[in-house]
Amino acid sequence: MAPLPPPEPSTRLATVGALDARKIRFELNRVVLPKGVEGTYGIIRHPGASLAVPVLDDGRVVILRQYRFAVERRILEFPAGTLEDGEDPLASMQRELAEEAGYSASRWDSLGLMLPCPGYSDEVIHLFLARALTLLQQQPAGDDDEDMEVLLMEPQALDAALASGDEALDGKSVTAWFRARQLLGC
């Protein structure tokens with residue numbers, strides 16, 4: 001996958017407000033955009049994340065049904081996690097795959113990067129395809145606030161869930177699945 005195009009930075013005149021939360025920071029900045037327009041814009045600063053599409057040798061996909069408080073429902077999504085300070089995206093994903101799904105993988109392919117919400121966030125998500133999976137005998141402890149169920153789905157069932165609208169899926173998982181299908185040839 002090709003890298004993102006180079007940045008075309010605006011000129012930050014001042015940060016007029018900020019709020020730090022658990023893994024993110026919200027800033028209100030006075031800026032001059034590249035085309036010369038000056039204004040005040042909000043941005044969520046995010047350390048970045050990694051996501052994996054785990055595929056078993058028999059072709060089934062490992063996916064999570066996870067509770068998300070912001071939308072007050074359980075959604076289907078692939079294992080993912082926020083990068084720790086200075087953490088390598090692949091190392092982060094290897095840890096998250098073990099903690100969230102209970103698997104390790106010996107084959108990793110990059111699916112590129114994605115920008116999930118570029119209108120208000122600088123988050124970059126590193127996408128991976130994880131294959132040659134091994135079910136861990138003992139799953140490492142995850143985060144206390146995670147509430148998820150590990151599911152194994154046939155690719156056609158995942159496609160049907162996407163097409164039907166009966167399951168809520170997040171954008172990063174839809175994008176990753178689209179890119180993974182290109183490598184998998186399905």
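The model is predicted, so local features need pLDDT of at least 70 and side-chain atom pairs count only at pLDDT 80 or more, while totals for chains, interfaces and linings use all residues. Residues are numbered from 1 along each chain as its sequence is written, and side-chain values use heavy atoms, with hydrogens and water left out.

The protein contains three helices and 10 strands. Helices (H or I, at least four residues) and strands (E, at least two) are DSSP runs, numbered from the N terminus. Their order along the sequence is β-β-β-β-β-β-β-α-β-β-β-α-α. Along the principal axes, the C-alpha atoms fill a box of roughly 55 × 35 × 35 Å. Of the 186 residues, 37% count as buried. Here, buried means under 20% relative accessible area, exposed means over 50%, and partly exposed lies in between (1.4 Å probe, protein chains only). Contact means heavy atoms within 4.5 Å. Among contacts with a separation of 6 or more, 58% come from residues 24 or more positions apart.

Strand E2 pairs with two other strands, E1 and E3. Two strands pair if DSSP finds at least two bridges between them. Strand E1 (residues 11-20) runs antiparallel to E2, with eight bridges. A hairpin of four residues connects E1 to E2. Gly17 has Leu28 in E2 as its bridge partner. E2 and E3 are also antiparallel and are joined by eight bridges. Arg25 stands opposite Arg45 in E3. The hairpin of E2 and E3 has five residues between the strands, and Gly36 there takes a positive phi near 100°.

Glu27 is buried because its relative accessible area is 7%. Asn29 is likewise buried, at 3% relative accessibility. The side chains of Glu27 and Asn29 are joined by a polar contact of 3.1 Å. A polar contact is a pair of N or O atoms within 3.5 Å; within protein, one must be able to donate a hydrogen and the other to accept it, and residues adjacent in sequence count only if both atoms are side-chain atoms.

Both residues also touch parts of the chain farther along the sequence. Leaving out residues up to four places away in sequence, Glu27 touches Arg12, Thr15, Gly17, Ala18, Tyr41, Gly42, Ile43 and Arg45. With the same exclusion, the contacts of Asn29 include Arg12, Ala14, Thr15, Val16, Gly39 and Thr40. Tyr41, Ile43 and Arg45 are also among the residues that Asn29 touches.

Most residues other than glycine have a negative phi. Glu72 has a positive phi, near 50°. This residue sits in the loop between E5 and E6. Glu72 counts as exposed because its relative accessibility is 64%. Ala132 also has a positive phi, near 55°. Ala132, however, lies in strand E9 (residues 125-135). Ala132 is partly exposed, with a relative accessible area of 28%.

Pockets were then located on a grid. On a 1 Å grid over the protein atoms alone, a pocket is an open set of points where a 1.4 Å probe fits, with protein on both sides within 12 Å along at least five of seven lines; lining residues have an atom within 4 Å of a point. Grid points are joined across faces, edges and corners, and a volume is the space filled by probe spheres set on the points.

The largest pocket holds about 1,200 Å³ of space. Its lining has 32 residues, and His46, Arg68, Phe69, Thr82 and Lys172 lie nearest its centre. Strand E5 (61-68), strand E6 (73-77), strand E7 (80-82) and helix H1 (89-101) each supply at least two lining residues. By class, this lining has 14 nonpolar, five polar and 13 charged residues. Ala, Val, Leu, Ile, Met, Phe, Trp, Tyr, Cys and Pro count as nonpolar, Asp, Glu, Lys and Arg as charged, and the others, Gly among them, as polar.

The second largest pocket holds about 680 Å³. It is lined by 24 residues, with Pro9, Ser10, Ile43, Arg45 and Asp122 nearest its centre. Strand E2 (25-32) and strand E3 (38-45) each give at least two lining residues. E3 gives the most, with four residues. This lining has 14 nonpolar, five polar and five charged residues.
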